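Visitor: I have a model open in my viewer and would like to learn how to read its side-chain features. Could you take me through them?

Guide: Gladly; let us look at it together.

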Amino acid sequence: MAKSKITTKKFGGDDCYSWAVFKDDRPVMTGLSKSSAMYEADRLDPERKTKRIAARVRRWRKQGFSQATINCLLDRRMY
């Protein structure tokens, strides 16, 4: 069985509550704020959050941040 693709996008409006979570290109939750949509998508697919954090850490390393700074940012949950 293929793994479902979970994404977040703006959907059905132009206000701050027009974000939605999609599963295989079909909306499963709508009327969310951006942070709520990210939370719900991460809850549906825990690997998604891990990949997002890993990408952020790679970006910080490329920008020359020290490991101590990266650890501090991760401890403060600034990702």
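Guide: Let us begin with one ring. Phenylalanine 11 has a relative accessible area of 37%, so this residue is partly exposed. Please keep in mind that this is a predicted model.

Visitor: Thanks. What kind of pair do the rings of phenylalanine 11 and phenylalanine 22 make?

Guide: To read an aromatic pair, look at the distance between ring centres and at the angle between the planes; planes over 60 degrees apart count as edge-to-face. Two aromatic pairs are present in the structure. For phenylalanine 11 and phenylalanine 22, the centres are 5.4 Å apart and the planes stand at 85°, so this pair is edge-to-face.

Visitor: Where do phenylalanine 11 and phenylalanine 22 lie?

Guide: Phenylalanine 11 is in the loop between β1 (6-10) and β2 (19-23), while phenylalanine 22 belongs to strand β2, so the pair ties together parts 11 residues apart in sequence. Phenylalanine 22 has a relative accessible area of 6%, which means that it is buried.

Visitor: And how are the planes of tryptophan 60 and phenylalanine 65 arranged?

Guide: That aromatic pair is stacked, with 5° between the planes and 6.3 Å from centre to centre. Its two members can be read by accessibility too: tryptophan 60 is buried at 7% relative accessible area, whereas phenylalanine 65, at 33%, is partly exposed.

Visitor: Back to phenylalanine 22: which residue has its charged end over that ring?

Guide: For this feature, check where the charge lies relative to the ring centre. Here the residue is lysine 9, whose charged end sits over the ring of phenylalanine 22 at 5.1 Å from its centre.

Visitor: How many residues of β2 are buried?

Guide: Four of the five residues in β2 are buried, so the strand is mostly covered.

Visitor: How does β2 pair with β1, and how with β3?

Guide: For strands, read the direction and then the bridges. β1 and β2 run antiparallel and are joined by five bridges. In that pairing, lysine 10 has tryptophan 19 of β2 as its bridge partner. β2 also pairs with strand β3 (residues 26-32), again in the antiparallel sense, over four bridges. There, valine 21 stands opposite methionine 29 of β3.

Visitor: Now the charged side chains. How many salt bridges are there?

Guide: The general idea is simple: side chains of opposite charge can pair when their charged atoms come close. The cut-off used here is 4 Å between the side-chain nitrogen and the carboxyl oxygen. By that rule, the count is three salt bridges.

Visitor: Which residue forms a salt bridge with arginine 43?

Guide: Its partner is glutamate 40, and their closest N and O atoms are 2.7 Å apart. Both residues lie in helix α1 (residues 34-44), three residues apart, which is about one turn of the helix. Glutamate 40 has 17% relative accessibility, so it counts as buried.

Visitor: Which residues are linked with Asp42 in a network of salt bridges?

Guide: The network links Asp42, Arg48 and Arg52. Arginine 48 and aspartate 42 form a salt bridge in which the closest N and O atoms are 3.0 Å apart, and both residues are buried. The side chains of aspartate 42 and arginine 52 also meet in a salt bridge, at 2.3 Å from N to O. This second pair links distant parts of the chain, with aspartate 42 in helix α1 and arginine 52 in helix α2 (residues 46-62), 10 residues apart.

Visitor: Is arginine 52 buried or partly exposed?

Guide: Arginine 52 counts as partly exposed because its relative accessibility is 28%. Aspartate 42, with a relative accessible area of 12%, is buried. Leaving aside neighbours within four places in sequence, aspartate 42 is in contact with Arg48, Lys49 and Arg52.

Visitor: Which residues of α1 are buried, and what covers them?

Guide: The buried residues of α1 are Ala37, Glu40, Ala41 and Asp42. Their cover includes β1, β2, β3 and α2.

Note on methods
Residues numbered from 1 in each chain as written. Predicted model: local features only at pLDDT ≥ 70, side-chain atom pairs only at ≥ 80, totals over all residues. Heavy atoms only, no water. Helix = DSSP H or I, 4+ residues; strand = E, 2+ residues; numbered from the N terminus. Buried < 20%, exposed > 50% of the residue type's maximum accessible area, 1.4 Å probe, protein only. Contact = heavy atoms within 4.5 Å. Phe/Tyr/Trp six-rings, centres within 6.5 Å; stacked < 30°, edge-to-face > 60°. Lys NZ or Arg CZ within 6 Å of the ring centre and 35° of its normal. Pairing = 2+ DSSP bridges.
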